[in-house]
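Thanks for passing this one along.

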Amino acid sequence: MSALDTILQLAYIVAAAFFVLGLHRMNSPATARSGNQLSAAGMTVAVAATVVLVATNPAQGLAWPIIVVGVVVGGGLGLYTARTIKMTDMPQLVSLFNAVGGGAAALIAIDDYVRLAGTVGAGGGAIDLQTVVASILDVLIGSVTFSGSLIASGKLQGLVTSRPVVFPLSRPLNVGLVVIALAGAAFLLAGNVSVPVLFVLILVALLFGVTLVMPIGGADMPVVISLLNAFTGTAVAMAGFVIGNATLITAGALVGASGGILTKLMADAMNRSILNIMVGGFGVGEAGAGAAVGGGPTGSVREINVDDAAIQLAYAQSVIIVPGYGLAVAQAQHSVRELADQLEEKGVGVKYAIHPVAGRMPGHMNVLLAEANVPYPQLYEMDDINPEFERTDVALVIGANDVTNPAARSNPASPIYGMPILNVDHARNIIVIKRSMRPGYAGIDNELYLDPKTGMLFGDAKDALTQLIGAVKAL
Amino acid sequence: MSATLLSQLTIFVLAILVGFEVISKVPATLHTPLMSGANSIHGIVLVGSMLIAARADNPLSQVLSLIAVAFAAMNVVGGYLVTDRMLQMFRKKAPPPPRPADEAK
């Protein structure tokens, strides 16, 4: 190894260390930003080392134009989207980055395989087994991630319907795709060198990505995005095995692990297995039925008006706000913060209780509230806030439904039984801002609304909050 | 199994374990920036894309590597910037002047 090579390899180690330290600093909101900057510095070191590597080796004629054009075009698009994206649209952007990352990883293996097939295959020889294994895994995982993430992104953006789409033969089709993929992989692993078979694998994997994500509904997106994130990391690590680059292996494995953990956390928060969500059992029929059931039981619901709600809130000692995705849909984050400011001026203690799956990706609600200038010490996780509900005067539920349903704790017959929920029903008073009595995503009636302690304030989240702010000010 | 592969597998397994260890401590508040930050890290695929671009000696390779470099660059640049944009919003105290202009968004 020449002196230069040694320096470059050391630079790659520095980059990997920066990635780990950067992620470590994500442990606290106070250090997270510097952590991301550290990670970016690591990336800069790795890319700079690669530039030197390319420059000091005999490169092909078009190497620099390809790199420069690619970086300018791709980097420009990244710059533009990162600057202009709305925080509510974060999940689709993350999904899009998963797609391009997985796509790039797959392309590396495709290019490598075609090149090796050209040199080795012509003489009737074989490509060594470890490269074939890594290439197949990279191509399969990368392609599934690419098409799956694009579909997920499209669903979140509203380009593809967010309702679960199940076509009649989807299960046999999926099984067929897996069988073809396994057969193709086995053929290549047996020592055969064939570019057409590789392209069949790519096609099958792309199709599989589509059929995997199409049947999944909008509310399950936190799990899907986490899983695709883990896939992308794994594909990148496989690309590292293909071209023998340890930095890709390290960074890819880190991301694979993080995506894996988040997938598990999200699935746990819904009390469902990852497999169950991917197969798309729950919510497939009910989501449609839920939309159709309009009225629901209205018998013993107590409706309150804005002034009653304002008085309850303003004369409380402590208020916990429980925001759900309905809040983000109504773009009411800023109104919530304004109401909280008003209440705090009157000496009311305000906290926010955030369920892990509030929003369309893990932690999404926290970002939306942070954007509305809610200080992060006021944002509480489920386990930390649940014991506090019984000491709380008013719980204000806005656009959240299933995550507050006591049936998850008490009714073994309920489809959401066992799902960890926010113990809103333990508060002394409960105010629910809701458009109508329509059941939530899971299509289940929420007995919280029938509780005598609960007052229902019907209306659009933003309108209702604006009126509340006015009423609280007038007191 | 070659020595290189063995050491690569060692790195792979250890990196996964380090990932689990480091990330399982991240609070739910930061899960979105964490995922977005991890997303930028898999932009390291840019390094691989540049390396295949450097040896691209036929039109197919050149096209494949161009797409790969563009994809990966988008991943890196967009990922880090948007993560930074999110993280700078996380404040311990509310900033004094509320900006009603933000409502328009």
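1. Let's begin with the fold of chain B. In this predicted model, chain B has four helices and zero strands. Read from the N terminus, the order of its elements is α-α-α-α.

2. Next, how the chain is packed. Chain B has 105 residues, and 57% of them are buried. If you take the contacts within chain B between residues at least 6 apart in sequence, 63% link residues at least 24 apart.

3. On to the interface with chain A. Here 87 residues of chain B are in contact with 109 residues of chain A. The size of an interface is often given as the accessible area lost when the parts come together. For chain A and chain B the buried area is about 8800 Å², and 74% of it lies on carbon and sulfur atoms.

4. Three salt bridges are counted between chain A and chain B. In a salt bridge between the two chains, the side chain of Asp84(B) meets that of Arg33(A), at 2.9 Å from N to O. There are also 17 residue pairs in polar contact between chain A and chain B, with both residues at pLDDT 80 or more.

5. Which helix gives the largest share of the side of chain A that touches chain B? That is helix H4 of chain A (residues 90–119), with 18 residues. By type, the residues on this side of chain A are 66 nonpolar, 33 polar and ten charged.

Note on methods
Residues are numbered from 1 along each chain as its sequence is written. Chains are lettered from A and ligands numbered from 1 in the order in which they are written. This is a predicted model: local features need pLDDT of at least 70, side-chain atom pairs count only at pLDDT 80 or more; totals for chains, interfaces and linings use all residues. Side-chain values use heavy atoms; hydrogens and water are left out. Helices (H or I, at least four residues) and strands (E, at least two) are DSSP runs, numbered from the N terminus. Buried means under 20% relative accessible area, exposed over 50%, partly exposed in between (1.4 Å probe, protein chains only). Contact means heavy atoms within 4.5 Å. Buried area is the accessible area (1.4 Å probe) that two parts lose on being put together, summed over both. A salt bridge is a side-chain nitrogen of Lys or Arg within 4 Å of a carboxyl oxygen of Asp or Glu. A polar contact is a pair of N or O atoms within 3.5 Å; within protein, one must be able to donate a hydrogen and the other to accept it, and residues adjacent in sequence count only if both atoms are side-chain atoms. Ala, Val, Leu, Ile, Met, Phe, Trp, Tyr, Cys and Pro count as nonpolar, Asp, Glu, Lys and Arg as charged, and the others, Gly among them, as polar.
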